[in-house]
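Good morning, and thank you for making time for this item. I would ask you to keep the sequence and the structure in view as I go through them.

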Amino acid sequence: MDGGQPAPSPPVPFGNTLSDASMSLEQKTTFAFVILLFIFLGVLIVRCFRILLDPYRSMPTSTWADGLEGLEKGQFDHALA
């Protein structure tokens with residue numbers, strides 16, 4: 001054993017290993033909030049791409065003038081005079 005090499009020492013842990021192993025409540029809350037934000041961002045990205053690929057699918061087929069008949073429907077310049 002006296003071959004000129006020092007005996008290996010056990011590794012010394014840095015800091016408090018008990019507090020490093022588990023996250024605090026504030027860190028858990030922040031981590032959960034960031035995950036929720038990423039999920040929300042993913043939903044918005046998917047929705048935007050769907051609108052870009054087919055913009056007319058998301059538009060309603062009826063208009064505000066569907067219930068009007070006769071002079072009321074689209075003939076405002078004549079009705080205002």
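Accessible areas here come from the Shrake-Rupley method with a 1.4 Å probe, and for residues only the protein chains shown count as cover. On that basis, the accessible surface of the protein chain is about 8200 Å², and carbon and sulfur atoms hold 68% of it. Of the 81 residues, 1% count as buried (under 20% relative accessible area, with exposed meaning over 50% and partly exposed in between, 1.4 Å probe, protein chains only).

This is a predicted model, in which local features need pLDDT of at least 70 and side-chain atom pairs count only at pLDDT 80 or more, while totals for chains, interfaces and linings use all residues. Residues are numbered from 1 along each chain as its sequence is written, and side-chain values use heavy atoms, with hydrogens and water left out.

The predictor's confidence in each residue is pLDDT, from 0 to 100. Its mean over the protein chain is 75, and 49% of the residues reach 70 or more.

I turn to the fold. The chain has 3 helices and 0 strands, taken as DSSP runs numbered from the N terminus (helices H or I, at least four residues; strands E, at least two).

UniProt, in an unreviewed entry, places a "transmembrane region" at residues 31-53; its positions follow the numbering used here, feature names are shortened, and annotations may be inferred rather than shown by experiment. In the model that stretch is 100% helix, with its end C-alpha atoms 33 Å apart.

Finally, which residue forms a salt bridge with Arg-57? The partner is Asp-54, with the closest N and O atoms 3.6 Å apart; the rule asks for a side-chain nitrogen of Lys or Arg within 4 Å of a carboxyl oxygen of Asp or Glu. Asp-54 is partly exposed at 34% relative accessibility, and Arg-57 is partly exposed at 47%.
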